[in-house]
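This briefing concerns the fold of a single chain.

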Amino acid sequence: MVKICCIGAGYVGGPTMAVIALKCPKIEVVVVDIFEPRIIAWNSDQLPIYEPGLDDVVKQCRGKNLFFSKDVEKHVAEADIVFVSVNTPTKTQGLGAGKAADLTYWESAARMIADVSKSDKIVVEKSTVPVKTAEAIEKILTHNSKGINFQILSNPEFLAEGTAIQDLFNPDRVLIGGRETPEGQKAIQALKDVYAHWVPAERIICTNLWSAELSKLAANAFLAQRISSVNAMSALCEATGADVSEVSHAIGKDTRIGPKVLECKCGFWWIVFPEGYLELGLYLRVQWPQRGCKLLETGRAGDTRETPAIGVCQGLLGDKAILSIYDPQVPQELIQRDLSMHKSELDKPPHLRPVNSVAIEQVTCVGDAYEAAKGAHGICILTEWDEFKTLDYKKIYNNMNKPAFVFDGRNVVDIEKLRQIGFIVYSIGKPLDAWLKDMPAVA
Ligand code: UDX
Ligand code: ADP
């Protein structure tokens with residue numbers, strides 16, 4: 001029986017290993033983490049991360065061939081294949097601060113693997129790392145190896161938050177990079193055999209180590225470029241009366257361009273061009289600078305590190321807004337902690353973020369969207385949960401201050417329907433004219 005151990009029970013390691021265990025009943029998969037509360041949560045009914053479908057997968061194989069343990073060294077020592085899926089946050093100090101990845105966790109994991117190993121192992125890089133990390137890791141392993149043979153593979157993860165299980169079940173491709181030596185090729189084949197349980201052979205791409213490492217970074221860069229382009233286009237739409245959904249549909253029909261990642265959301269745009277947000281917030285600020293305004297804000301899923309909602313909330317707090325926040329998944333203490341934090345600290349996983357959160361007085365967290373919107377002047381929708389599509393907006397409107405605004409950063413609401421109720425609706429990438437026409441004169 002092949003034994004797999006994954007170091008790091010996070011957003012990548014947890015779901016990926018659960019799917020491997022489900023699809024390969026004859027492989028024993030143990031996910032280990034030094035952070036015990038995370039392991040306790042993985043072994044409970046309340047998993048530490050939320051992804052649609054994940055609960056089911058874990059329930060089907062936990063205790064059979066899927067285990068979560070804090071006994072890191074024991075399970076690493078017993079494994080044939082060790083995945084390393086530890087956090088690689090952006091450095092906050094030293095050379096490359098704010099830009100380079102902090103590989104401290106990776107390095108200490110590698111030293112531990114070398115220390116405890118008594119048999120040959122395949123070590124798989126899962127975390128997103130700079131190109132040539134494998135070379136550095138290989139050095140650490142071989143210089144401390146006590147005669148043991150380590151083969152390093154790069155097997156980057158391409159899953160997207162919110163669709164992780166779907167992406168893992170049906171990946172566009174699986175990428176495996178390894179050394180071009182006979183031992184390297186044997187290691188590639190061993191990992192290929194794992195994925196071959198459910199991924200068609202033509203979707204498993206095998207390359208050299210550096211191509212695999214670079215492909216992950218290149219894919220992220222291309223996606224970011226596309227998102228930036230479409231979000232820049234949304235600003236043009238707002239100014240010209242074009243509708244970003246219509247433009248995206250029209251250009252996405254070109255087979256050279258394709259339809260995916262052409263939607264406009266309050267992602268990079270609100271972060272990269274905060275003046276976009278300022279424009280949205282202008283009316284609220286001018287109108288109620290003294291009293292502040294109450295808003296409904298939300299972030300997406302359990303991993304709040306990159307959510308644009310934080311930047312938007314922090315901006316509004318700076319302008320003395322009073323925020324009433326509802327999120328279907330993120331607990332109150334995490335919301336308070338994230339909002340009191342600097343961007344560089346947000347890159348860290350929740351439990352490693354500093355506990356400097358004196359509760360921000362302007363922020364309250366509530367249990368449902370109706371409660372959050374009560375007495376508010378405006379609603380900001382910054383997440384894509386389906387429940388925001390089906391809320392009773394008439395009821396919400398009746399309980400809000402007038403004029404009642406909706407800022408839809410995800411294009412989830414039915415603009416016309418909401419306008420009929422009486423809302424002044426601003427949706428990202430949609431013509432501004434209608435909104436401006438409706439807007440009461442600002443002093
Ligand atoms: C991404 C990659 O997809 C994943 O492979 C990588 O490992 C981590 O980063 P994720 O963080 O879930 O995953 O974000 P993604 O869904 O790609 O979106 C990033 C941001 O861009 C979000 O804020 C989103 O709102 C925005 N976005 C996305 C758009 O503005 N338009 C789009 O069409 C897609
Ligand atoms: P990702 O988003 O890449 O999955 P996360 O930050 O969600 O990253 O998860 C990484 C996990 O790795 C954290 O839970 C952290 O405690 C764990 N970790 C970091 N270093 C080690 C280590 N040396 N041994 C075991 N677990 C580790």
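Across which strands does helix α8 lie? Helix α8 (residues 182-195) lies across β4 (81-84), β5 (121-125), β6, β7 and β8, and runs at about 160° to β7. The model is predicted: local features need pLDDT of at least 70 and side-chain atom pairs count only at pLDDT 80 or more, while totals for chains, interfaces and linings use all residues. Residues are numbered from 1 along each chain as its sequence is written, and chains are lettered from A and ligands numbered from 1 in the order in which they are written.

**Overall composition**
- The chain comprises 19 helices and 14 strands; these are DSSP runs numbered from the N terminus, with helices (H or I) of at least four residues and strands (E) of at least two.
- Of the 443 residues in the chain, 40% are buried (20 or more other C-beta atoms within 10 Å of the residue's own, with C-beta atoms placed from the backbone).
- Of the contacts between residues at least 6 apart in sequence, 73% join residues at least 24 apart (a contact requires C-beta atoms, placed from the backbone, within 7 Å).

**The eight-stranded sheet**
- An open sheet of eight strands has the order β3-β2-β1-β4-β5-β6-β7-β8, with mixed pairing (two strands pair if DSSP finds at least two bridges between them).
- The edges are β3 (66-69) and β8 (204-208); each has a single partner strand, so one side of each is left without a neighbour in the sheet.
- From one strand to the next, the twist averages 25°.
- Strands β6 (residues 150-154) and β7 (residues 174-178) pair in the antiparallel sense over two bridges, and S154 stands opposite G177 in β7.

**Helices α9 and α10**
- Helix α9 lies across β6, β7 and β8, at about 140° to β7 (angles run from 0 to 180 degrees between N-to-C directions, and axes are lines fitted to C-alpha atoms, for helices over the stretch in contact).
- Helix α9 (residues 209-240) packs against helix α10 (residues 244-252) at an angle of about 130°, with their axes 9 Å apart.
- V230, M233, S234 and C237 in α9 meet V244, V247 and S248 in α10.
- By class, this contact of α9 with α10 has five nonpolar, two polar and no charged residues (Ala, Val, Leu, Ile, Met, Phe, Trp, Tyr, Cys and Pro count as nonpolar, Asp, Glu, Lys and Arg as charged, and the others, Gly among them, as polar).

**Helix α13**
- In helix α13 (residues 308-318), the buried residues are P308, A309, I310, V312, C313 and L316.
- Just after α13, K320 takes a positive phi of about 70°.

Note on methods:
Contact = placed C-beta atoms within 7 Å. Buried ≥ 20, exposed ≤ 12 C-beta atoms within 10 Å, placed from the backbone.
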